[in-house]
Amino acid sequence: MKLRLLFFLLLVPAAAFAQSPSKILSAANKTLGGEKALKAVTSWQQIGKITRVSDGLTGKYSAFAAGGKMYSEAYDVGGFEFSRGYNGKSGWLRDSKDGLRTITGDAARDFQAEASYRNARWNSTKAEKIKISSGGTANIDGKTTNVVILNTAKGTKLQLFFDKATNFLIREVIAGKTMDYSDYRVLGGVQTPFSIKTTLEGEIFDIILDDVKLNQPIAKGLFDFPQVSNEPLPDITALLNEIRVNADKVNDILENYSYTELRIDREPDKAGNLIEKSSEKRLLTFYKGYRINRQMEKNGKPLSPSDQENEDKDAQKQVAEIEKKVAAKEKREIASGAVGQPKGEGQRITIADALKGSLLINPRRERFKDRDVIVFDYEPNPAFKPQTRNEKLFALCTGAVWVDTATKQVVRLEAVLSKSAGNFLAKAKSGAAFTIDNELVNNEIWLPSQADINLQIKILFAGININNLIKYGDYRRFETDVKEVKVGDEKP
């Protein structure tokens with residue numbers, strides 16, 4: 001029997017006996033003070049000295065986290081200052097080289113993920129739909145470590161290295177930034193590192209913390225965008241009204257445009273990395289404020305002639321339905337005396353309409369896409385009473401919006417659903433996010449260039465994750481009535 005067991009053990013791969021990532025994280029929780037004690041930390045602050053290894057120059061270092069999502073850090077070495085912060089809606093960065101700006105793109109996504117991690121470590125993976133996988137083992141300064149990889153639903157990758165002998169976290173790699181930890185001390189029942197080595201902008205820095213506090217009040221202003229410009233900002237209400245008026249003009253102009261929409265469906269693999277699963281390209285036009293679309297490609301290949309003919313016929317049906325809706329709406333408005341009231345649901349909702357249920361805060365002037373813009377953070381207005389389905393959804397969103405100062409049109413919008421929305425049949429879960437980028441077309445209208453959508457929807461008892469990247473382009477202006485337009489008939 002013993003020989004059989006020995007033979008079996010020799011055949012089974014060593015990886016079969018390796019600790020699972022969840023067990024590694026559980027062991028780390030226990031070592032650091034216990035999951036309950038770690039989750040009880042709702043804020044922390046660190047103050048210390050930072051030294052640039054290459055030349056020995058020293059300066060001050062500070063970092064703060066609070067509110068589950070807010071995070072900031074700052075240091076200065078030899079006259080070079082660096083600071084960044086995330087206030088739960090948008091992130092900003094300031095340094096002596098490039099000045100102050102709002103963080104956008106992948107950097108914004110990664111910083112948002114880092115801010116959440118700094119507040120909850122790995123103890124919010126379930127709530128945030130973060131995939132946990134094993135990275136095997138690695139040797140760090142002679143210590144064997146277990147590597148755990150966290151992949152967020154939006155595509156940020158975090159690597160955690162735990163000392164196999166002690167279960168202490170000794171290294172993190174987040175969006176290319178490495179931080180090594182040592183000199184753990186018990187603070188408020190939680191093991192806390194007082195020595196940090198990090199790599200920033202190609203330089204290695206040593207950080208020695210002098211003062212660390214847990215669960216102390218932290219001023220919200222530490223995370224908000226710094227106010228530095230003396231140039232007066234416009235009245236927010238007046239600006240929104242201008243955006244709304246311009247949005248109506250955009251709708252009129254848009255009816256003279258066609259463009260393409262390439263929708264790429266992405267799904268996480270077993271490790272949580274986002275991969276492309278399928279794609280679909282459509283041609284879009286607008287008619288009386290409503291959108292008409294025809295499919296042109298599937299997974300990068302054109303449709304067959306018969307399938308394309310069916311798509312064209314379907315577009316004619318869409319126009320007929322729009323005519324019926326418009327006629328019925330006009331009849332209701334005449335009967336009720338509501339002619340000239342705002343457009344109803346089913347038509348293209350403007351960003352100004354979307355933001356009317358929000359409080360716009362932290363206004364600032366910046367340069368974005370080589371344009372002068374005004375950037376606002378926004379959050380739900382508790383006094384607003386939404387009337388339509390779209391208003392109810394946007395009234396629960398937080399984020400940031402970029403407005404071109406010359407055209408008074410929106411250049412970029414970031415939104416995160418702060419609370420779950422819907423009913424018992426279908427519900428969009430909190431944390432759902434989308435980003436819209438616009439481009440100036442023919443120097444007359446800002447139109448979408450790209451949208452990044454990440455939603456978690458619960459339909460009855462089933463959960464559906466939607467992760468789409470949508471690319472817009474091929475904008476063409478035409479004067480022909482939409483009912484006569486066929487695929488390929490657009491004239492530039």
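Q: Which residue has its charged end over the ring of Phe 225?
A: This is a predicted model, in which local features need pLDDT of at least 70 and side-chain atom pairs count only at pLDDT 80 or more, while totals for chains, interfaces and linings use all residues. Residues are numbered from 1 along each chain as its sequence is written, and side-chain values use heavy atoms, with hydrogens and water left out. A charge sits over a ring if NZ of Lys or CZ of Arg is within 6 Å of the ring centre and within 35 degrees of the ring normal. The charged end found 4.3 Å from the centre of the Phe 225 ring belongs to Arg 364.

Q: Over the face of which residue does Arg 185 lie?
A: Here the distance from Arg 185 to the ring centre is 4.2 Å. The ring is that of Phe 194.

Q: Is Asn 29 buried or exposed?
A: Asn 29 is in helix 2, residues 21-32; helices (H or I, at least four residues) and strands (E, at least two) are DSSP runs, numbered from the N terminus. Buried means under 20% relative accessible area, exposed over 50%, and partly exposed in between, with a 1.4 Å probe and protein chains only. The relative accessible area of Asn 29 is 5%, so this residue is buried.

Q: Which side chain does a polar contact of 3.0 Å join to that of Asn 29?
A: A polar contact is a pair of N or O atoms within 3.5 Å; within protein, one must be able to donate a hydrogen and the other to accept it, and residues adjacent in sequence count only if both atoms are side-chain atoms. The partner of Asn 29 at 3.0 Å is Asn 123.

Q: How far apart are the end C-alpha atoms of helix 4?
A: The expected span of a helix is 1.5 Å times one less than its number of residues. Helix 4 (residues 105-120) has 16 residues, so it should span 22 Å. The distance in the model agrees with this, at 23 Å.

Q: What is the angle between the planes of Trp 122 and Phe 162?
A: Rings of Phe, Tyr and Trp (its six-membered ring) pair if their centres lie within 6.5 Å; planes under 30 degrees apart count as stacked, over 60 as edge-to-face and the rest as tilted. By this rule there are ten aromatic pairs. One of them is Tyr 75 and Phe 82, stacked because the centres are 5.2 Å apart and the planes are at 25 degrees. Trp 122 and Phe 162 are edge-to-face, with centres 5.3 Å apart and planes at 80 degrees.
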